[in-house]
Amino acid sequence: LFVRAYKPTVYVLFLLFQILGAVILGFGIWILADKTSFIAVLQMSSPSLKTGAYILIGVGALTMLMGFLGCLGAVNEIRCLLGLYFTCLMIILLAQVAAALVIYFQKEMLKVELSNIVEDLIVNYDPLNEDERRNLQEAWDYVQTQIACCGWTGAKDWEKNEILANKSYTEYPCSCSNRSKDLEKGIGFCNLDDPVNVTVTYTDWPVHEQGCMDGVEEWLKDNLGVILGVCTGVAVIELLGMILSISLCKNIHSEDYTKVPKS
């Protein structure tokens, strides 16, 4: 009776797990496929992010599979499937908590690693590149355009670029520009309209003053509530699934074959 009474709840909950698994799976695939955002800069430069994307794909596929097996176990009152579902769900939840703790305690190291990645990209930026770094450069141009920023800590970072240095800084990154006509080009370098005879520095460029590091941190702060809300919602759904599966498992009574008459 307990199992039959909670069947509608079971269907809804396991449907949520199917959706949750599909979202996690899609997010992992998006990280690998995206070529025009800040994620592209990270995943093309950091092997750890690629590994994380594959883990997300695996977790998403496992969540969908476990949702199906859990629903099958609940509908047909199969204890072993419910027990398997509970165990896998607990492992996934613990893995998520462990990943969150690693990110929290290693955030400074991750920030330094990210800074090194972006600085190397800026120093070696070349509009004439035709190799795999071209996609990475275009992704970084997209980031600077969308966030309205320049460099990682500021426009001064671009003074380290050898091409700009060789041209005495009479050119600047188009994606950094605060002028619409430069943003139409979007990639590569733009020329100063009226190069002066004196020494030109980055302060003479018509570019955004804010560095992308500040822009990314500001975006994270603005969306922190949404991120935490989503993570909390996922954890609550997983906990509910664990509680429901263990409750169903306890209330499913195995057949007592000792009472079956012998032939």
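This briefing describes several helices of one predicted model. Residues are numbered from 1 along each chain as its sequence is written, and side-chain values use heavy atoms, leaving out hydrogens and water. Because the model is predicted, local features need pLDDT of at least 70 and side-chain atom pairs count only at pLDDT 80 or more, while totals for chains, interfaces and linings use all residues. Helices are DSSP runs (H or I, at least four residues), and strands are DSSP runs too (E, at least two), numbered from the N terminus.

**Record and spans**
- UniProt (unreviewed entry) places "transmembrane region" at residues 12–33, 53–75, 82–105 and 226–249; such annotations may be inferred rather than shown by experiment.
- Residues 53–75 are 100% helix and 0% strand, with end C-alpha atoms 33 Å apart.
- Residues 226–249 are 100% helix and 0% strand, with end C-alpha atoms 34 Å apart.

**Helix H5**
- Buried residues (under 20% relative accessible area, 1.4 Å probe, protein chains only; exposed is over 50%, partly exposed in between) of H5 include Leu-81, Tyr-85, Cys-88 and Ile-92.

**Helix H10**
- In H10 (residues 212–222), Cys-212, Met-213, Gly-215 and Val-216 are buried.
- These residues cover an arc of only 165° around the axis (taken from the directions to the C-beta atoms), which puts them on the same side of H10.
- Lys-221 and Asp-222, on the other side of H10, are exposed.

**Helices H6 and H7**
- H6 (residues 107–123) packs against H7 (residues 133–147) at an angle of about 105°, with axes 11 Å apart.
- Val-118 and Leu-121 are among the H6 residues that meet H7 residues including Leu-136 and Trp-140, where contact means heavy atoms within 4.5 Å.

Methods
Axes fitted to C-alpha atoms, helices over the stretch in contact; angles between N-to-C directions.
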